[in-house]
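Subject: Structure handover

Hello,

Here is the structure we talked about. Please open it and read the notes below alongside it.

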Amino acid sequence: MLCQTHLKGVTAEEKELLESIFFHPYDKLEERNGALIMNYMGGKLCLGTNDFGENCGNCRYMPYIVRKILRRQKDFSFGKDGK
Amino acid sequence: MRKEAVKKKDVTENLTKQQLIELDACVSCGECLKWCPIQDATGDPSCSPPERIKAYREFVEEEHGLKGKLFGSKEISEERLKNFRDILYKCVLCGNCGEVCEVGIDTKKLWWTLRKSVCESKVGMPEPLKGVLANYQKTRSPFPKPLTHRYKFWLPEDIKVADKAEIGFYEGCGGAWDAQPSAEGAARLLSAGGPFTLLDPEEAWCCGWPIVAGSGDWSIMPELVKNFVAAVQKKGIKRLAMICPMCRDIFKWLYPEFYGGKLPFEPVMVSEVIAEYIDAGRIKFTKILRETVTNHDPCALARPLVGPPVLDAPRKILNALPGVKVVEMERSRELTRCCGGSAGQRPLNPDLVVKMAKELMYEAKRAGADTIVTSCTACYVSLVGRTHMTPHPAVDDYKHFEEPVKMNDLLQYAAALL
């Protein structure tokens, strides 16, 4: 599944770390309207529940640092156009 | 550069006597073609194991055989070397050909050695792999990122890491930069069973596999071995547990050769350590998961370069999980199918990687599995569909999967049930 969750309230230190994971042109973070849009994995767009039925804060496909940010986030948008 | 300035390498220089005999032993019976994942994906016999051997045998013949003696040793043209390089690098080094070889050729070591020879020849390694080497030269990892960051993505704050311990965990560059959830799962299980330590991040270099096996450049080995042995000893590690079977493979084969004897630590898979913890009652799984799961044996565990395969430890872990039913795929254990994600194929032939990964996912579906688990960071990346080093069109192809089966790392899967 393709994760394009919007990360909000990311600190400067976290952003630096995140950019160290997302380095390929097709697998990079995109900044839009103050949010960072994930581009992680591939295939069908995930709308907040992965194939194990887990929500973003508990998604097993996410690196720990990403789950940490998602757990404190209140509202979620998915996809480049923010579904 | 003028032609005379290029040092002419003897085509037999890197081959052992056994390998020279093996070149002659291939009878082109074609058995390996039935099992080769590249043949499955391309249907192109020109890049098959017998064709590779035939082409290299011709080089040897021309330099050292009767032909060479009668008509004079002839330099292999650049064009022929490039053609040979194309078929040699269209290979995942999975070793299935050697497993089924009727005359017992150790093909895996042969392909490693031939890549070394090509890399040292005037044509060098394929262009896309030069980037991997350039990254290594800057960062000591195949990825262009600083080693100081390598534990920050996956090591949760609630996991206690000892300063020194007999068990060391090396998550490999795949675990640090590509398959972080696998590294996290391993750390959670190791920590549940006893103390473990990590190498200092600046000293946790790449094991060398992507450069040595993937690209064919063995020149980095001496400094790698020196660094690793010192880094491991500094932490009092007796067993270095890893989640990447390719790391284990190179530690088992080439490290002792370059170290000049037995290593002062034992390279093992984390799954082997966890299986021991389960036997000793040090780890108990308390949560129940009603699911059918199949285990994908990574090539380097099923057909390692040295020593026995690691096939039972992952199954022991799965069988210890409450509620989980384990089924086997048609091709499992020693004859496991390759996921396609190793030996430089992601940058070289991304479309082939997708084809091979899909084949494996469909096989898991045919076995009736809800989930396929693996013990390899490269498999994890291929099967999850992560995009590092893979052009986008190939990843788009995953859309056709329609998610026939879920994918997870074995250790992460098990850690969720602690």
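A residue counts as buried here if 20 or more other C-beta atoms lie within 10 Å of its own. Please keep in mind that this is a predicted model.

Helix α4 of chain B

With that cut-off, the buried residues of α4(B) are P49(B), R52(B), I53(B), Y56(B) and F59(B). Viewed down the axis of α4(B), these buried residues fall within an arc of 120°, so they line one face of the helix. What covers them? The cover includes α1 (17-25), α2 (31-35), α6 (78-88), α7 (96-100) and α8 (107-120) of chain B. The helix itself takes in residues 49-64, 16 residues in total. From first C-alpha to last, α4(B) reaches 22 Å, close to the 22 Å expected at 1.5 Å a residue.

Chain B as a whole

Chain B has 22 helices and eight strands. Its radius of gyration is 22 Å, close to the 22 Å that the globule rule gives for 418 residues, so chain B is as compact as a globular protein of that length. Along the principal axes, its C-alpha atoms fill a box of roughly 75 × 50 × 40 Å. Of the 418 residues, 51% count as buried. Take the contacts in chain B between residues at least 6 apart in sequence: 81% of them join residues at least 24 apart.

The sheet in chain A

Chain A has an open sheet of three strands. The order is β1-β3-β2, and the pairing is antiparallel. β1 (6-7) and β2 (30-32) stand at the edges with a single partner strand each, so one side of each is left without a neighbour in the sheet. Two bridges join β1(A) to β3(A), residues 35-37. H6(A) stands opposite I37(A) of β3(A).

Two backbone angles to check

Most residues other than glycine have a negative phi. N33(A) is not a glycine, yet its phi is positive, at about 50°. N33(A) is found in the loop between β2 and β3 of chain A. L93(B) is another non-glycine with a positive phi, about 55°. L93(B) lies in the loop between α6 and α7 of chain B.

Are these two residues buried or exposed? N33(A) is exposed, with 9 other C-beta atoms within 10 Å. L93(B) counts as buried, with 25 C-beta neighbours inside 10 Å.

Best wishes

Key. Residues are numbered from 1 along each chain as its sequence is written. Chains are lettered from A and ligands numbered from 1 in the order in which they are written. This is a predicted model: local features need pLDDT of at least 70, side-chain atom pairs count only at pLDDT 80 or more; totals for chains, interfaces and linings use all residues. Two strands pair if DSSP finds at least two bridges between them. Helices (H or I, at least four residues) and strands (E, at least two) are DSSP runs, numbered from the N terminus. The radius of gyration is taken over C-alpha atoms; the globule rule is 2.2 Å times the number of residues to the power 0.38. A residue is buried if 20 or more other C-beta atoms lie within 10 Å of its own, exposed if 12 or fewer, and partly exposed in between; C-beta atoms are placed from the backbone. Two residues are in contact if their C-beta atoms, placed from the backbone, lie within 7 Å. The expected span of a helix is 1.5 Å times one less than its number of residues. The arc is that of the directions from the helix axis to the C-beta atoms.
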